Amino acid sequence: MTILEDQISAPIDVKTSTVTAGSLPNTGTSQFDFNVEFGDMEPGTYRIPVKVEYKYARMVTYDDTQQPEYVWRTTDEQKYVTIKIEDRPQFKLTSEGENDVFAGDTGNLSFTMKNTGTRTASNASIQLSTHSSSVYFGSPSSASSSTSLYVPTLEPGERTTVSAQVGAGAETAAGEYPVDAAVSYKNQNGVTEQSDTMTTGVTVRPERSFELRDVSTENFRVDEDEAQINATLVNTGPGDAQNIAVQLGQTSTVTATNGESSVGSLAVGESAPVSFTVTIPDSAEPGTNTFPFTVQYENNDGDIRTTDTPIRKSITIGSERDPFTITNVSTDVSPGGSDSVTVGVRYNGEKPVSATNAKIFVSDPISSSDDGAYLGTIQPGETKNATFTVSAGSSALVKDYAASVEVRYDTVDGDTKYTDGLPIGISVSPASGGLPVPLPVIVVALLVVAGGAYVLYRRR
């Protein structure tokens, strides 16, 4: 069958002109489908000429010893297909723009609706519906699989552009998603009618993503009030983001004192520094911990969005730093004598401390009659000398004896704290101008020598 397009006077565009079928038995039927587009046509009845060409067996010769022989004949006939153009509104839908949306975000689905029919559509309602569970209409808090758009009137040949908010869940795979559209309207008699279903679509792009790179820390150790995390935030695409803020998520290990870092706007591939300040309590355990970071940003419509999956980074908490260290110990104490011990105490903290007191702890044969030293206010990095009075028993040997110094101090927050004992060594040295060893030891040695001499004398 062939549509005779050159004999058609109406605005009909034939896309498929010839369709071929196989054999057709007696009283049989066969389906012939043609792709035809109709332009702006007046309502009425139109006859489309179709040429039907076929061949048939005109004669069959039979023989007792051979197969039947067929004599074929080819012929054609002209038929007509009747088309009726109704006198009513009809609609054609054309997409406007890219109509794309990022996964985890919302955007606009825009299209133009044209009345290609011959009647005015009044009180028209465009029903939009999506068949994907992850693509929706409206905002994330009021997501729906369908929505309606109202058009008061649409005259024949008139166009109107409409749009609807459309969104995609963060888990939505990138790709094309169809949207069905049907128009309900009132005809000239006030009767509600509905158009055929038309189809448009929305393109879902991958969710915006970000990375934290070059993560570093400052003072990130146990018992620190102002430990810091520094990093670089990179917009890895696929879309730009405005008014970005990075937030440090809650953990059981640290407490954020400045847990949000504002970045501003980043185009795809751009980066910006971020930093966070936390307090690490003295109860925290040193070691590597995982810290979550979430990214908030504004889309092109000014709506706030949050990344679906936090960025997780492993950061090591160091051991607690001693707030004080011993820098020098000086004394001239000798066996059986007393002397002062000067201990250099260096403060390693970040903020000054006040009401600082140092106390020395010793054990036999070392004793102390003046074991406390007031140091007052000490600035970060400053060293002050604490002086104590110690005595060495007469039996003390010339060597270093273990001792320790404990420091009490007040922080800028008014808290009173104590250090653990800071180990020091107290050197016992020979008395100036005296014997290098204690007198009792010398006496014992002389007795041993005298006894030996007496034995030798008797043997002689």
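**Entry 1**

Which residue in β33 does Val405 stand opposite? I looked this up first. Val405 stands opposite Leu422. I note here that the model is predicted.

Next I followed the pairing of the two strands. β31 covers residues 400-410, and six bridges join it to β33. The two strands run antiparallel. I checked another pair as well: Ala402 has Gly425 in β33 as its bridge partner.

Then I looked at the two faces of β33, residues 422-427. Leu422, Ile424 and Ile426 make up the covered face. Pro423, Gly425 and Ser427 make up the uncovered face.

**Entry 2: other partners of β31**

I stayed with β31 and looked for other strands paired with it. Strand β27, residues 353-361, is joined to β31 by six bridges. This pairing is antiparallel. In it, Ala358 stands opposite Val407 of β31.

Strand β32, residues 416-418, also pairs with β31. I found three bridges there, in the antiparallel sense. One pair I looked up is Asp410 with Thr416 in β32.

How many residues lie between β31 and β32 in their hairpin? There are five. Gly414 sits in the turn and has a positive phi of about 90°.

Strands of a sheet pair through backbone hydrogen bonds, parallel or antiparallel.

**Entry 3: a three-strand sheet**

I moved to the start of the chain. Three strands form an open sheet there, in the order β1-β4-β5. The pairing is antiparallel. Why is one side of β1 and of β5 left without a neighbour in the sheet? β1 (2-3) and β5 (69-85) stand at the edges, and each has a single partner strand, so one side of each has no neighbour in the sheet.

Strand β4 covers residues 44-61, and two bridges join β1 to it. Ile3 stands opposite Val50 in β4.

**Entry 4: salt bridges**

I counted salt bridges next. The structure holds 15 of them.

I opened the one between Asp105 and Arg305. Their closest N and O atoms are 2.8 Å apart.

I then took Arg213 and Glu211. Their side chains meet in a salt bridge, at 2.8 Å from N to O. Arg213 has 39% relative accessibility, so I wrote it down as partly exposed. Glu211 has 35%, so it is partly exposed too.

Arg321 and Glu224 came next. Their side chains also meet in a salt bridge, at 3.8 Å from N to O. This pair links distant parts of the chain, 97 residues apart. Arg321 is in the loop between β24 and β25, while Glu224 is in strand β17 (residues 224-237). Arg321 counts as partly exposed because its relative accessibility is 31%. Glu224 counts as buried because its value is 10%, and the cut-off for buried is under 20%.

I also found a network. Salt bridges with shared partners join Asp105, Arg208, Asp303 and Arg305 into one network.

**Entry 5: a negative patch**

Which residues form a negative surface patch? I listed Asp282, Glu320, Asp322 and Asp420. I looked up one of them, Asp322, in more detail. Asp322 lies in the loop between β24 (311-317) and β25 (324-331). Its relative accessibility is 47%, so Asp322 counts as partly exposed.

**Entry 6: Lys114**

Lys114 has its place in strand β8. Why does Lys114 count as buried? Its relative accessibility is 19%, and buried means under 20%.

I also checked Lys114 against Lys15. The two are 99 residues apart along the chain. Their C-alpha atoms are separated by 22 Å.

How values were computed. Residues numbered from 1 in each chain as written. Predicted model: local features only at pLDDT ≥ 70, side-chain atom pairs only at ≥ 80, totals over all residues. Heavy atoms only, no water. Patch = residues over 30% accessible without salt bridge, like charges linked within 9 Å, V, L, I, M, F, W, Y side chains within 5 Å. Areas by Shrake-Rupley, 256 points an atom, 1.4 Å probe, with all protein chains shown as cover. Salt bridge = Lys/Arg side-chain N within 4 Å of Asp/Glu carboxyl O. Lys, Arg positive; Asp, Glu negative; His and termini not counted. Charge placed at Lys NZ, Arg CZ, Asp CG, Glu CD. Helix = DSSP H or I, 4+ residues; strand = E, 2+ residues; numbered from the N terminus. Buried < 20%, exposed > 50% of the residue type's maximum accessible area, 1.4 Å probe, protein only. Pairing = 2+ DSSP bridges.
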